Amino acid sequence: MGLFLGLGIGGIVLLVCSLVFDGVLEGVFDGALDGLFDGWLSLPVIAGFVSMLGFTGAIVLGTTGLGPGASAAAGAVAGTGAGWLTYRLSRALARDSSGAAPRQSELVGSAGTVVTAIPAGGYGEVLLRLGGQPAKYAATADAPVTLGAEVWVTATPSSTSVSVRAVER
């Protein structure tokens, strides 16, 4: 049982090392292992297989009357399943395409705060959030807007300026 528990703990340690030292092994060999640790031979997949093999083998050996061979076989089946799930999860995370860069046109209709007063017919500055990040833009308005006022973006005439109107409450 000690061997199985050692494999299980070793797999967890390997997983932690693969998360902490991600890409270090590839960097050490300077591209000689180009793509070797991607996919089925990635460290998280191997760690999942080894830890599940060990822990499942220990559970089967400790709770049933089966010997070490049958426990290792059960652990190998469970380890293969854990490795496959780890592989599928890592591929799904790598394919995630929802991280598209925000576009300037997405500012229209968003709220912001005036950080430099906007005179009638002139430019001031507003603080807006684009993609969750604060960004300062030059702003124009039809009527003067005071410092600290809340505004709505009505148009984006250029990549660095917006047209706004004051929010009336």
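Leu-5 is partly exposed, because its relative accessibility is 36% (buried means under 20% relative accessible area, exposed over 50%, partly exposed in between, with a 1.4 Å probe and protein chains only). This is a predicted model: local features need pLDDT of at least 70, side-chain atom pairs count only at pLDDT 80 or more, and totals for chains, interfaces and linings use all residues. Residues are numbered from 1 along each chain as its sequence is written, and side-chain values use heavy atoms, with hydrogens and water left out.

Leu-5 sits in helix α1 (helices are DSSP runs of H or I, at least four residues, numbered from the N terminus). Leu-5 also belongs to a nonpolar surface patch with Met-1, Ile-9, Ile-12, Val-13, Val-16, Val-20, Phe-21 and Phe-55. Together they have about 810 Å² of accessible area (Shrake-Rupley method, 1.4 Å probe; for residues, only the protein chains shown count as cover). Patch members have over 30% relative accessible area and no salt bridge, and nonpolar side chains are joined within 5 Å. A salt bridge is a side-chain nitrogen of Lys or Arg within 4 Å of a carboxyl oxygen of Asp or Glu. Helix α1 gives the most to this patch, six residues.

Now the buried side. Gly-8 lies in α1, which spans residues 2–20. Gly-8 counts as buried because its relative accessible area is 0%. Gly-8 touches Val-50, Ser-51, Gly-54 and Phe-55, leaving aside residues up to four places away in sequence (contact means heavy atoms within 4.5 Å). Phe-55 links both topics: Phe-55 touches Gly-8 and is one of the patch residues.

How values were computed
Helix = DSSP H or I, 4+ residues; strand = E, 2+ residues; numbered from the N terminus. Patch = residues over 30% accessible without salt bridge, like charges linked within 9 Å, V, L, I, M, F, W, Y side chains within 5 Å.
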